[in-house]
There are 2 protein chains.
Amino acid sequence: MTVSKTTASKTTASKAIASKAIAPDLIRTMQSNGREPAADALQMGELSELLGYTLKRAQLKVFDDFIHCVEPLQLTPAQFSVLLLIDANPGRNQTEIANTLGILRPNFVAMLDSLESRELCVRMRSTNDRRSHVLVLTDKGRTILARAKKLIVSRHEARLNEVLGPENRAALLRMLDKLARDF
Amino acid sequence: MTVSKTTASKTTASKAIASKAIAPDLIRTMQSNGREPAADALQMGELSELLGYTLKRAQLKVFDDFIHCVEPLQLTPAQFSVLLLIDANPGRNQTEIANTLGILRPNFVAMLDSLESRELCVRMRSTNDRRSHVLVLTDKGRTILARAKKLIVSRHEARLNEVLGPENRAALLRMLDKLARDF
DNA sequence: GATTATTTGATATGTTTCATAACAATTATC
DNA sequence: GATAATTGTTATGAAACATATCAAATAATC
């Protein structure tokens, strides 16, 4: 280590410029334009060029919006994907659904418990293989799923189209899919 | 609920076709082409069109590759971003760095403890504001950061360019940045 | 056909990540 | 000088993610 143990940090108010007579945003402008480094925005450095960083940031934003759009149905992205996959793949068991979604079997148990307690789906012992549970949506589950799809299309994906434009949205999806597959 | 409590699930081997005389992949081909639904790949349904789902999948892949590429230095994406931001913003305190990265201050403490215990950075009491800690990279920290940047460029981002192509990679970054900001 | 190995769902458990409340020390505000 | 706000910290909890292990059921092997 070559660094000394104390340093001066310029925090918020620089000097004693601040006075009630001057508007707050004017003060900020003066500070930002002064010789002192702007107190607000930090340099992002090479972080802006790091795809992984921006990817994560975007993912959090998109998930937040998803949750908000589908809020009246109280479905997380993961729960929605489970319902969707059960519906699209009748006759499949827990392991198959979980694996396809990248969910580990032990963690899938509580997930299903929750959905089943809300009567959105049911586990049924398979007659062929009495070890496995075939997953089936209830009527309520199908209804919720249908409503969720509508909300996602009309709110969530619509907003994505607004921000990106339909062509860009499609291009983005293609590239992300390529990454998810071939990377 | 309108579903009965038992159902038949077709699992692996259909009928008694299996025999040692037939090659395993031939059997699989026969099964896939038969009337029975393919036992392997599940229908992804509308999931393939859900941007959030693909986004998450891609993000996990990219982070995995990041961790792998920078493995000799034992840096997580989060740790790397902290080192980078400290280096790019001398004189800033914990709260400022944490906020910029979207890390909550309480969670940032252990993070810094870890980096400091590895002697990659130091907290220094500010002389201006004795509440705050100014964060500074040690020489070791700067060295590790420089090595990490090299590994990321030569391995990680290089691979991204291979898979996507430079133009697509740039376009992807632009769109993700737009989402992270405006969404 | 009995023995061994594998698969399925489940439990227990641990780690990591993320979020909230509260506190002492310090500084800002009035 | 009393009160409020900020900084780093601790404690704590929830959620997401991962591993080992188990009983029941089935498949594979001898």
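The legends below describe several close-up views of a predicted model with protein chains A and B and DNA strands C and D. In this predicted model, local features need pLDDT of at least 70 and side-chain atom pairs count only at pLDDT 80 or more, while totals for chains, interfaces and linings use all residues. Residues are numbered from 1 along each chain as its sequence is written, and chains are lettered from A, with ligands numbered from 1, in the order in which they are written.

**View 1. The contact between chain A and chain B.** The contact takes 70 residues from chain A and 70 residues from chain B, where two residues are in contact if their C-beta atoms, placed from the backbone, lie within 7 Å. Among the elements of chain A that give two or more residues to this side are strand S1 (6-7), helix H2 (51-69), helix H6 (139-164) and helix H7 (166-182); helices (H or I, at least four residues) and strands (E, at least two) are DSSP runs, numbered from the N terminus. H2(A) gives the most to the side of chain A that touches chain B, namely 14 residues. That side of chain A divides into 31 nonpolar, 21 polar and 18 charged residues, with Ala, Val, Leu, Ile, Met, Phe, Trp, Tyr, Cys and Pro counted as nonpolar, Asp, Glu, Lys and Arg as charged, and the others, Gly among them, as polar.

**View 2. The axis that relates the two chains.**

**View 3. The surface near DNA strand C.** DNA strand C is surrounded by 19 residues, the closest being Asn93(A), Thr95(A), Pro106(A), Pro106(B) and Arg130(B); a residue is near a strand if its C-beta atom, placed from the backbone, lies within 6 Å of it. H5(A) supplies the largest share of this surface, four residues. By class, the surface near DNA strand C has five nonpolar, eight polar and six charged residues.

**View 4. The surface near DNA strand D.** Around DNA strand D there are 20 residues, and the closest are Pro106(A), Arg130(A), Asn93(B), Thr95(B) and Pro106(B). The largest share of the surface near DNA strand D, four residues, comes from H5(B).

**View 5. Leu83(A) in the largest nonpolar core.** The largest nonpolar core has 76 residues, and those with the most contacts inside it are Leu83(A), Cys121(A), Leu83(B) and Cys121(B). Such a core is a set of buried Ala, Val, Leu, Ile, Met, Phe, Trp, Tyr and Cys residues joined through C-beta atoms within 7 Å, and a residue is buried if 20 or more other C-beta atoms, placed from the backbone, lie within 10 Å of its own, exposed if 12 or fewer, and partly exposed in between. Leaving aside neighbours within four places in sequence, Leu83(A) is in contact with Leu120(A), Cys121(A), Leu137(A), Gly141(A) and Leu145(A).

**View 6. Glu119(A) in a loop.** Glu119(A), although not a glycine, has a positive phi of about 60 degrees, and its place is in the loop between H5 and S2 of chain A.
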